[in-house]
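Visitor: I have a model open on my screen and would like a guided tour. Could you walk me through it?

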Amino acid sequence: MNGAEAEIVRHHEVIERWLTGAAAREEFAHFADAHAPGFTLITPDGQTLSRDQVLAEVEALYGRAPGLTVEIRHVRIVASDGALLVATYQEVQPDRTRQSTVILQAATWLHLHETWLP
């Protein structure tokens, strides 16, 4: 597993623990710190959310998805230049799958674009 894949998997493990309620409340600060101040998310339905909006939504979902599993598949580095990296991956949950493209700088999330897969 390369560094980008390890970061993507680690990040989603935190999300899974948070959503299932298995995470300690203090873990949210580490999740928040992984997002750059200018972080943006384009959701699968086309909305663009700011870092603050994403963090507020995720924080409110603590423990709301007991039993949820999140699996990361098919991580592929599209481009890299020094600490800047673009990668694609699939996020598989029991009832849906997303194809995502992420821009990372070291282990900091700068931008994420998600699309639902059929």
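**Core, rings and backbone**

Guide: Happy to! This is a predicted model, and its largest nonpolar core has 29 residues, with Ile8, Tyr89, Val102 and Trp109 making the most contacts inside it.

Visitor: Which element gives the most to this core?

Guide: Several elements give two or more residues to this core, including helix H2 (27-33), strand E1 (35-42) and strand E6 (108-117). Helix H1 (3-20) is also among them. The top contribution, seven residues, comes from H1.

Visitor: Leaving aside neighbours within four places in sequence, which residues is Val102 in contact with?

Guide: Val102 is one of the residues with the most contacts inside the core. Setting aside neighbours within four places in sequence, its partners are Ile8, Leu85, Val86, Ala87, Tyr89, Trp109, His111 and Leu112.

Visitor: Now the aromatics. How are the rings of Trp18 and Phe28 arranged: stacked, edge-to-face or tilted?

Guide: A search of the whole structure turns up three aromatic pairs. In this one the ring centres are 5.1 Å apart and the planes are at 40°. The pair joins distant parts of the chain, with Trp18 in helix H1 and Phe28 in helix H2, ten residues apart. Stacked needs under 30 degrees and edge-to-face over 60, so an angle of 40° makes the pair tilted.

Visitor: Is Trp18 buried or exposed?

Guide: The relative accessible area of Trp18 is 3%. The cut-off for buried is under 20%, so Trp18 counts as buried.

Visitor: What separates Phe28 and Phe31 along helix H2?

Guide: Both residues are buried, Phe28 with a relative accessible area of 9% and Phe31 with 5%. Their ring centres are 5.8 Å apart with the planes at 40°, so this pair is tilted. Because they are three residues apart in helix H2, what separates them is about one helical turn.

Visitor: Which residue lies over the face of Tyr62?

Guide: Tyr62 belongs to a cluster that ring pairs build from Trp18, Phe28, Phe31 and Tyr62. At 3.8 Å from the ring centre of Tyr62, over its face, lies Arg25.

Visitor: One last stop, the backbone. Where is Ala106, and is it buried or exposed?

Guide: Most residues other than glycine have a negative phi. Ala106, however, has a positive phi near 60°, and its place is in the loop between E5 and E6. With a relative accessible area of 59%, against a cut-off of over 50%, Ala106 is exposed.

Note on methods. Residues numbered from 1 in each chain as written. Predicted model: local features only at pLDDT ≥ 70, side-chain atom pairs only at ≥ 80, totals over all residues. Heavy atoms only, no water. Core = buried A, V, L, I, M, F, W, Y, C linked by side-chain atoms within 4.5 Å. Buried < 20%, exposed > 50% of the residue type's maximum accessible area, 1.4 Å probe, protein only. Helix = DSSP H or I, 4+ residues; strand = E, 2+ residues; numbered from the N terminus. Contact = heavy atoms within 4.5 Å. Phe/Tyr/Trp six-rings, centres within 6.5 Å; stacked < 30°, edge-to-face > 60°. Lys NZ or Arg CZ within 6 Å of the ring centre and 35° of its normal.
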